[in-house]
Amino acid sequence: MFDDLRDLYQEIIIEHARHPRHARRLAAFDAEAKGDNPLCGDRLTLWLARTPEGRIAEAGFEAKGCAISLASADLMAEAVRGLSAEEAATLAEAVQHLARTGEAKALPPPLAERLESLMPLGGVHEFPSRVKCATLAWHALKAALGKKDEEAVS
């Protein structure tokens with residue numbers, strides 16, 4: 001069963017890398033951040049558009065990089081829609097932990113459901129050199145949200 005799960009996760013990563021749904025510059029945006037992983041050459045620009053209430057209405061990105069980096073950016077853009085800045089930052093922390101350890105943090109129900117859809121990114125913990133690929137978009141997200149302690153460079 002574990003091999004079936006691993007195969008499913010690989011399919012999800014490959015699908016999002018080959019056919020990203022959110023790979024575009026937004027026509028109007030409130031926040032922008034760039035990410036760069038100089039070790040492997042992954043680069044990303046992220047744009048966020050917010051509702052008048054401050055929730056993330058849409059996320060878009062342009063990226064060049066490996067399949068894991070592209071898939072992670074696309075999954076991130078999908079997962080953060082509708083979240084507040086704090087919720088998005090909490091989800092980003094949980095994904096970064098997942099990528100480093102393979103373990104999902106306990107989150108409140110709305111965020112837990114979103115983290116569940118991001119579980120394919122947990123497989124990179126077995127490949128330490130790929131963790132930065134999986135977390136680049138999430139570092140950029142935190143930078144776009146104005147988290148001062150976060151750099152957009154993974």
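This is a predicted model: local features need pLDDT of at least 70, side-chain atom pairs count only at pLDDT 80 or more; totals for chains, interfaces and linings use all residues.
How are α2 and α5 oriented to each other? They are oblique.

**Helix pairs**

| Pair | Axis distance | Angle | Crossing |
|---|---|---|---|
| α3 and α5 | 9 Å apart | about 170 degrees | left-handed |
| α2 and α5 | within 7 Å | roughly 40 degrees | right-handed |
| α3 and α4 | within 10 Å | roughly 40 degrees | right-handed |

**α2 with α5**

Helix α2 spans residues 67–79. Its axis and that of α5 cross at roughly 40 degrees. The two helices are therefore oblique to each other. On α2, the contact is made by I68, S69, S72, A73, M76 and A79. On α5, C133, A134, L136, A137, W138 and L141 take part. By class, this contact has 10 nonpolar residues, two polar ones and no charged ones.

**α3 with α5**

Helix α3 covers residues 85–101, and helix α5 covers residues 131–144. They pack at an angle of about 170 degrees. That makes α3 roughly antiparallel to α5. The α3 side of the contact consists of A88, L91, A92, E93, V95, Q96, A99 and R100. From α5 come V131, A134, T135, W138, H139, L141 and K142. Nine of the contact residues are nonpolar, three are polar and three are charged.

A134, W138 and L141 of α5 are listed in the contact with α3, and these residues are also listed in the contact with α2.

**α3 with α4**

Helix α4 runs over residues 109–117. Its axis crosses that of α3 at roughly 40 degrees, so α3 and α4 are oblique to each other. E87, T90, L91, A94, V95 and L98 of α3 meet L111, R114 and L115 of α4. This contact has six nonpolar residues, one polar residue and two charged residues. L91 and V95 of α3 take part here, and L91 and V95 also belong to the contact with α5.

Strand β1 holds residues 31–37. Strand β2 holds residues 42–50. The two run antiparallel and are joined by seven bridges. They form a hairpin with four residues between the strands. In the turn, G41 has a positive phi of about 95 degrees.

Which residues of β1 point to the buried face? A31, A33, G35 and N37 do.

Methods
Residues are numbered from 1 along each chain as its sequence is written. Side-chain values use heavy atoms; hydrogens and water are left out. Axes are lines fitted to C-alpha atoms, for helices over the stretch in contact, and angles run from 0 to 180 degrees between N-to-C directions. Angles under 35 degrees count as roughly parallel, over 145 as roughly antiparallel, 65 to 115 as roughly perpendicular and the rest as oblique. A crossing is left-handed if the near helix is turned anticlockwise from the far one by less than a right angle, and right-handed if clockwise. Contact means heavy atoms within 4.5 Å. Ala, Val, Leu, Ile, Met, Phe, Trp, Tyr, Cys and Pro count as nonpolar, Asp, Glu, Lys and Arg as charged, and the others, Gly among them, as polar. Buried means under 20% relative accessible area, exposed over 50%, partly exposed in between (1.4 Å probe, protein chains only). Two strands pair if DSSP finds at least two bridges between them.
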